[in-house]
Amino acid sequence: MVWRGGRGWYGRALATVVGVTAVAAATSVWSAQAGPVESRPGRTEAAARPFRPHAQGPARAPVSVAIAHASDHGARGVDITVDDGPDPVWTPRVLKVLREYGVQATFCMVGTQAQAHPDLVRAVVAAGHRLCDHTVSHDTTMDTKSESYQARQILDAERMITKASGGVRPQYYRAPGGAFTPYSRELAASHGMRPLGWNVDSKDFERPGTDVLVATVKQEISNGPTVLFHDGGGDRSETVLALREILPWLKRQGYSFGFPVR
C-alpha cells in the first residue's frame, strides 16, 4: 500500500512489540556495485541476481534481491496479493471469496497481527496460499530508519509469522508503502524472502467504492500481473465485494492465477 506514516492501529501495534532481537550486526552490508534500486512502484529496480546468505543457521535457497513483479504463470498470469492482516473479520471473508473462485493468493502479514491471530495464519496456509513478511508494525518510513531498526522489523515479523503458521516461513518480503532499501532487500533475500512489489494498486485502502475498485483493476491490469488488495487496517467490505467481480472477470479475459516469481 502507498499511504505513509505511523497513524492508526499500526502505530499503536509497535508499542506492543517486545523481545526484539538485535540482528543487524550479523547481516551483510550492501555492495556499491548493486546498481539502482526501486524503493517505490514504478522506479527502475536492480538487475535480478541471487543473494547467498552468510548468516549461520539452516541453509536457505538463495533468492533474488530484485523486487519481484512477474507471475510464475507467465504473461497471462495474475498474482493476487492481500496486505495488512490477518484480521478476524475480513480475512475469513477474503478467504471465502478466493475459495469460491479457486484462486490462491499471497498474504502479506503484519507481525503483530499474525501473533494475535495464529488460527487465521494457519487457515491461510491450509488453503494453499503463500505468506509474505510485511514487518512488525507497518512503518511506512522504513527507508529512513537505521539498518538495525529495519532488521528488527523484518526478522521479528518473520519469526512471528513462522511461529503463528506452525512452522511455515514467509516466502516474500513487502516493505510497507514500498519503502525498500538496498539493505532491507539484501536482508530479506538472505532469509529466503523475495522482495515483492506490485503493478496494480486497487487503492482499496482509501475505500473509494466497489465500482471504483473494480474499474481501477480492469484499467490497470495491463500494467502487470501483481495486484494489491488489503484484508486489514479497517473496513474491507468494498474489497470483498470487488473481488467477487474482479476474479471472474479476469478469468473471462483469459487470465490464470499464480504466485509472484521467486
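Tutor: Ground rules: the model is predicted, so local features need pLDDT of at least 70 and side-chain atom pairs count only at pLDDT 80 or more, while totals for chains, interfaces and linings use all residues. Residues are numbered from 1 along each chain as its sequence is written, and side-chain values use heavy atoms, with hydrogens and water left out.

Student: What makes strand 4 and strand 5 a pair?

Tutor: Pairing takes at least two bridges found by DSSP. Strand 4 (residues 105–109) and strand 5 (residues 130–133) have four, in the parallel sense. Thr 106, for instance, stands opposite Arg 130. Strands here are DSSP runs of E, at least two residues, and helices are runs of H or I, at least four, both numbered from the N terminus.

Student: How do you know that strand 6 pairs with strand 5?

Tutor: Two bridges join strand 5 to strand 6 (residues 172–173), and they run parallel. Cys 132 has Tyr 172 as its bridge partner in strand 6. From strand 5 the chain passes through helix 5 (residues 147–165) to strand 6, a right-handed β-α-β crossover. Right-handed means that, with the strands pointing away from the viewer, the path from the first strand over the helix to the second runs clockwise.

Student: Why is the aromatic pair of Tyr 173 and Phe 180 called edge-to-face?

Tutor: Ring centres of Phe, Tyr or Trp (its six-membered ring) must lie within 6.5 Å; planes under 30 degrees apart are stacked, over 60 edge-to-face, the rest tilted. Tyr 173 and Phe 180 are 5.7 Å apart centre to centre with 85 degrees between the planes, so edge-to-face it is. The count by this rule is one aromatic pair.

Student: Why are Tyr 173 and Phe 180 called buried?

Tutor: Buried means under 20% relative accessible area, exposed over 50%, partly exposed in between (1.4 Å probe, protein chains only). Tyr 173 is at 0% and Phe 180 at 3%, so both count as buried.

Student: What makes Arg 93 sit over the ring of Trp 90?

Tutor: The rule wants NZ of Lys or CZ of Arg within 6 Å of the ring centre and within 35 degrees of the ring normal. Arg 93 lies over the face of Trp 90, 4.7 Å from the ring centre.

Student: And which residues touch the most other members of the largest nonpolar core?

Tutor: Ile 80 and Phe 107, out of 34 residues. Such a core is a set of buried Ala, Val, Leu, Ile, Met, Phe, Trp, Tyr and Cys joined through side-chain atoms within 4.5 Å. Helix 8 gives the most, seven residues.
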